[in-house]
Amino acid sequence: MMKSKMKKILPIALAVMLCLSSVNALACTAIYVGADLTKDGSTIFARSEDISNSYNKLFYVAPAGKHTAGEVYNGCYGFSYTFTKDSYGYTAFSDDNGSGVCPDCGGEHAHTPYAAGGTNDMGVTVSATETIGCSDALYEADPYVDTGIEEAEIPTVLLSEAATAKEAVELLLSIYDNAGCAGGSGVFVADDKEVWYIENASGTQYVALKLSASMAFAQPNMSIIGLIDLDDAENVIASKDLIAVAEKAGTYVGDKEKNTIDYVASYNADQTAGSRMVNALAFFNAATAKDEPEAADYTISNVDADGNIVPMYTSITLDHAYSIADVVAYYHIAGIGSNRNLETHIFQTFADDGLTDTVEWVAMDDAALSVFVPYYPMLTTKTYAGYQVSTDEAVFTEDEPADADVYYPTTKSKRNENGERVQVEGFCALPADWADSCYWTMDALSNLYEAGDLNAEEKAKIDAELADLQAQAYDVFDNMKAAVAVADTDEAKAAATAASEEMAAKVHAACVALVNEVK
């Protein structure tokens with residue numbers, strides 16, 4: 001999500017302002033595991049979307065033709081784009097703008113508020129809004145652009161327009177070249193043939209890497225691109241002034257004659273690995289983990305010790321071959337799975353070149369206290385209705401609410417009589433129709449679990465119920481995979497859509513019952 005060094009302060013919805021905890025809200029965390037490192041040969045990449053506690057998120061299918069050729073798309077913060085064709089259909093997450101007013105910018109124009117990720121009809125997948133920044137020196141040399149693309153506009157534009165991952169990458173980079181960006185981010189773009197990872201830490205400069213099947217990495221709001229040989233034309237696309245801008249800032253690290261740049265050292269020299277990176281590396285392999293990792297322990301490179309160009313790699317080794325269950329477990333790590341999660345999406349891509357080559361696993365709210373439900377996004381005609389419920393916002397009160405059905409103790413930042421920011425204790429009351437919404441149900445469950453007065457027995461019951469539902473979700477996927485394999489396209493779409501809806505409904509109903517039992 002967006003962070004500092006913006007020229008303007010982003011408007012944030014009332015629910016965020018009122019129910020925001022004192023913990024740093026900008027805590028999105030991504031993961032990538034190449035196909036050579038997984039049990040089933042799939043490539044897995046994922047991201048949690050974090051900004052605040054108790055802030056509704058929707059998951060739906062945007063129909064083909066939602067945007068039309070020649071239509072001008074006006075984003076939240078100044079970016080505009082003219083669509084070149086009628087848009088492809090795609091799965092999408094966005095903030096709740098059911099009222100007709102965007103909760104992020106307050107605008108009433110037609111746009112998708114804070115889109116996060118999805119897959120389109122052509123099998124192109126985009127996962128965005130993994131915010132990064134740049135050093136002060138780089139910001140002075142290459143500031144963000146008010147009318148540039150904001151990270152949350154990326155999925156809407158790319159999924160609407162692109163038929164391949166490479167086409168999507170080239171479109172995004174052309175926007176960076178011509179319009180710039182409103183903030184730094186790390187973005188995944190993929191199809192069944194390749195996965196690209198792009199970082200743009202400053203206003204106009206970027207590096208896009210085609211990832212190898214033999215590497216893994218974590219990305220918790222950090223630049224993770226290390227020493228890169230820019231002459232690797234097949235696997236690297238970089239802005240033409242990438243080195244020149246770093247030289248202007250006085251921060252360039254690399255060998256100009258060899259056309260190499262250490263991107264982290266040049267653009268984010270002052271970043272350090274926080275607890276989420278430390279915890280992620282320990283999760284990957286406890287035997288090689290460090291309490292204070294250096295950049296070389298987690299960054300991506302295509303240069304070996306002798307200076308030769310090699311396939312993209314990191315120094316991260318996994319202690320076993322990964323399955324989808326391992327990536328689900330990754331989002332249970334302390335600091336990664338948390339009540340700041342709005343949603344988490346895990347994508348699996350298979351080299352099958354068909355409507356089942358991409359799987360999207362979806363969890364609402366706190367990933368550590370939720371259930372990931374499988375979808376075949378290219379076969380899904382609609383998502384479960386509980387993902388699409390627009391509601392009132394959560395409300396903070398200093399006095400215990402007398403008429404709220406579900407509420408929990410929390411704090412909010414408030415100015416005192418001296419104009420100083422202080423933390424005020426109070427309560428966050430959820431919307432009255434919380435039980436209709438999958439997001440609010442999971443939000444209620446996680447907050448009652450974390451902030452309520454549940455005893456150990458009650459928490460153990462919730463843990464066991466969620467674990468059982470997750471196991472059922474894995475079984476549902478196995479059955480769904482078998483069913484669509486022997487069906488024609490229309491039958492496969494009906495079967496896949498129904499299977500995912502039924503599993504999501506089961507999770508929703510079970511968690512409503514758990515909330516009602518302990519609220």
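Predicted model: local features only at pLDDT ≥ 70, side-chain atom pairs only at ≥ 80, totals over all residues.
Reader: Which strand holds Val 126?

Author: One run covers residues 125–131. Val 126 falls inside that run. The strand is β8.

Reader: Is Val 126 buried or exposed?

Author: The cut-off for buried is under 20% relative accessible area. Val 126 has 0% relative accessibility, so the residue counts as buried.

Reader: Which residues does Val 126 touch, leaving out those up to four places away in sequence?

Author: Contact means heavy atoms within 4.5 Å. Among the partners are Ile 154, Pro 155, Leu 158 and Leu 159, and these four are also listed as buried residues of α3.

Reader: How many residues of α3 are buried?

Author: Helix α3 spans residues 154–161 and is mostly covered. Its buried residues include Thr 156, Val 157, Ser 160 and Glu 161.

Reader: What is the C-alpha to C-alpha distance between Val 126 and Asp 36?

Author: In sequence, Val 126 and Asp 36 are 90 residues apart. In space, their C-alpha atoms are separated by 21 Å.

Reader: What does helix α9 reach from its first C-alpha to its last?

Author: Helix α9 runs over residues 438–451, 14 residues. At 1.5 Å a residue, 20 Å is expected. The model comes close to that, at 20 Å.

Reader: Why is α9 described as largely enclosed, and which elements cover its buried residues?

Author: Twelve of the 14 residues are buried, so the rest of the structure largely encloses α9. Trp 440, Met 442 and Leu 445 are among the buried ones. The cover includes β3, β18, β19, β22, α10 and α11.

Reader: What is the radius of gyration of the protein?

Author: The protein has eleven helices and 23 strands. For 519 residues the globule rule gives 24 Å; the model is close to this, so it is as compact as a globular protein of that length. The radius of gyration is 22 Å.

Reader: What share of contacts with a separation of 6 or more joins residues 24 or more positions apart?

Author: Buried residues make up 59% of the 519 residues. Among contacts with a separation of 6 or more, the share from residues 24 or more positions apart is 71%.

Reader: How far apart do the centres of the positive and negative side chains lie?

Author: There are 30 positive and 80 negative side chains. The centres of these two sets are separated by 4 Å.

How values were computed
Residues numbered from 1 in each chain as written. Heavy atoms only, no water. Helix = DSSP H or I, 4+ residues; strand = E, 2+ residues; numbered from the N terminus. Rg over C-alpha atoms; globule rule 2.2 N^0.38 Å. Buried < 20%, exposed > 50% of the residue type's maximum accessible area, 1.4 Å probe, protein only. Lys, Arg positive; Asp, Glu negative; His and termini not counted. Charge placed at Lys NZ, Arg CZ, Asp CG, Glu CD. Expected span 1.5 Å × (residues − 1).
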